[in-house]
Amino acid sequence: MRITRNLEFQIGSKEEKLPYSTADFPYVASRAELDYYRESFVPWHWHNAVELFYIESGELKYYTPNKTIVFSAGSAGMVNSNVLHMTEIQTHSEKNVQLLHIFDPKLLAGDSRSAIGQKYITPMTASSIEIAAFNPEIPEQAVVIDSIRKAFLLSENEFGYEINVRNALSQIWLQIFKMCASVLQEKKQSANSTADKLKRMMIYIHEHYSEKISVPELAETAFLSERECYRTFRNHLHMTPVEYIKSYRIQAARQMLADSQIPITEIGYACG
């Protein structure tokens, strides 16, 4: 299992750079030791991969555009493919450790046009589900948590590891699929379109944060009016475009201060 103490993002984006061992097996098991992260939160980001996680210790709050959920030790959850999300540590009285299965949906589906893809994978990834929470006090959900936790015990050194991982994730997926059956018909087409526009504006900020960025200019990148731009940021990220620009500049400055010997004045100019 890979030990993670920081996140990397694609250049000019907030799409997480995932440390898959090989491109032909898009899966990684990660032990996130959150107290070592530079900040007490992980900023808004997204990835095509599905994120299945188990809270080993501590407490972690997840934010998505439409939900906020606190996960305590012993609970688990799932973040759907391409969903914007951020996390924030809730306690400093104990270690905050999160175990994660991160995998591309095609690991289970093979080809998205396959029977498995069309019947079981796409209905979930194309649904309105952003995040799912599993409570150990609810028997049906406790079974899912146990399956998620046991899958971390699989060893890369064992014969058939890749097949065993895929089988374990497939069984977990079916368990979640059955639990979410009633909401799988709620398509996320309109919400997804808005999220895509938001990501486009976020990427523009990440690429031009050192420059002067006006809200009308930002809105134009997503073909929105200024008013719609403000509404999109407020509804999805719970902040204004200007607040997001400032927060991103501060994150960039902190990283430069930690990773370089550049004078603070130069960093200030470099970060806008």
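A residue counts as partly exposed when its relative accessible area lies between the buried limit, under 20%, and the exposed limit, over 50%. Glu56 has a relative accessible area of 36%, so Glu56 is partly exposed. The model is predicted. This briefing covers Glu56, then the sheet around its strand.

**Glu56**
- Glu56 sits in strand β4, which spans residues 50–57.
- Beyond neighbours within four places in sequence, Glu56 contacts Arg31, Ala73, Val97 and Leu99.
- With Arg31, the link includes a side-chain polar contact of 3.0 Å.
- Arg234 is 178 residues from Glu56 in sequence. Their C-alpha atoms lie 32 Å apart.

**Sheet**
- Strand β4 belongs to an open sheet of six strands. The order is β1-β2-β9-β4-β7-β10, with mixed pairing.
- The edges are β1 (2–4) and β10 (131–134), and each of them pairs on one side only.
- From one strand to the next, the twist averages 20 degrees.

**Pairing of β7 with β10**
- Strand β7 covers residues 76–79. Its pairing with β10 is antiparallel and runs over four bridges.
- Ala76 has Phe134 of β10 as its bridge partner.

**Helix on the sheet**
- Helix α4 (residues 161–179) packs on the sheet.
- The strands touched by α4 are β2 (27–33), β4, β7, β9 (97–103) and β10.
- The direction of α4 makes about 90 degrees with that of β4.

Terms used
Residues are numbered from 1 along each chain as its sequence is written. This is a predicted model: local features need pLDDT of at least 70, side-chain atom pairs count only at pLDDT 80 or more; totals for chains, interfaces and linings use all residues. Side-chain values use heavy atoms; hydrogens and water are left out. Helices (H or I, at least four residues) and strands (E, at least two) are DSSP runs, numbered from the N terminus. Buried means under 20% relative accessible area, exposed over 50%, partly exposed in between (1.4 Å probe, protein chains only). Contact means heavy atoms within 4.5 Å. A polar contact is a pair of N or O atoms within 3.5 Å; within protein, one must be able to donate a hydrogen and the other to accept it, and residues adjacent in sequence count only if both atoms are side-chain atoms. Two strands pair if DSSP finds at least two bridges between them. Axes are lines fitted to C-alpha atoms, for helices over the stretch in contact, and angles run from 0 to 180 degrees between N-to-C directions.
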